[in-house]
Amino acid sequence: QVQLVESGGGLVQPGGSLRLSCAASGSIFSSNAMEWYRQAPGKQRELVATITSGGSTNYADSVKGRFTISRDSAKNTVYLQMNGLKPEDTAVYYCKLENIWAQLRMVYWGQGTQVTVSS
């Protein structure tokens, strides 16, 4: 089994920064992808950023140039550095791990952490 624990959310003023962390424990495959999603009230959950076990990254257009995803494989932790925050970034942010083995995909979610951008 896998557990994901997010931290680092909070209240920040527009233009400010936050760093989210997601610590994974349990059975983590050598081939995997870790992602950050977010869900604002009344909206669908959306993909924010992806980082693979090989280090490839991808970002939603809305956060490119402002957010950076990184990982510390030794600690099984993924980070999301968020700079230049805007009110529209307000959402619950979720961490997702996808274990990959051939055609098999096993997905795990964290409990979420609230990010509120407001003056």
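These legends walk you through a few close-up views of a predicted model.

**View A. The disulfide between Cys22 and Cys95.** The sulfur atoms of Cys22 and Cys95 sit 2.1 Å apart. Cys22 belongs to strand β3 (residues 18-26) and Cys95 to strand β9 (residues 91-101), so the bond ties together parts that are 73 residues apart in sequence. Turn to the S-S bond itself: its torsion is about -80°, so the disulfide is left-handed. Both cysteines, Cys22 and Cys95, are buried.

**View B. Thr113 and its surroundings.** Look for Thr113 in strand β11 (residues 113-117). Is Thr113 buried or exposed? With a relative accessible area of 11%, Thr113 is buried, because that value falls under 20%. Its side chain reaches the backbone nitrogen of Gly9 at 3.3 Å. Setting aside neighbours within four places in sequence, Thr113 is in contact with Glu6, Ser7, Gly8, Gly9, Leu20, Ala91, Val92 and Tyr93.

**View C. Asn76 and its positive phi.** Here we visit the loop between β7 (67-72) and β8 (77-82), where Asn76 is placed. Most residues other than glycine have a negative phi. Asn76, which is not a glycine, has a positive phi near 50°. At 32% relative accessibility, Asn76 counts as partly exposed.

**View D. Ala102 and its positive phi.** Our last stop is the loop between β9 and β10 (104-109), which holds Ala102. Although Ala102 is not a glycine, its phi is positive, at about 55°. How does Ala102 stand, buried or exposed? Ala102 has a relative accessible area of 59%, so it is exposed, the cut-off being over 50%.

Methods:
Residues are numbered from 1 along each chain as its sequence is written. This is a predicted model: local features need pLDDT of at least 70, side-chain atom pairs count only at pLDDT 80 or more; totals for chains, interfaces and linings use all residues. Side-chain values use heavy atoms; hydrogens and water are left out. A disulfide is a pair of cysteine sulfur atoms within 2.5 Å. Helices (H or I, at least four residues) and strands (E, at least two) are DSSP runs, numbered from the N terminus. Buried means under 20% relative accessible area, exposed over 50%, partly exposed in between (1.4 Å probe, protein chains only). A polar contact is a pair of N or O atoms within 3.5 Å; within protein, one must be able to donate a hydrogen and the other to accept it, and residues adjacent in sequence count only if both atoms are side-chain atoms. Contact means heavy atoms within 4.5 Å.
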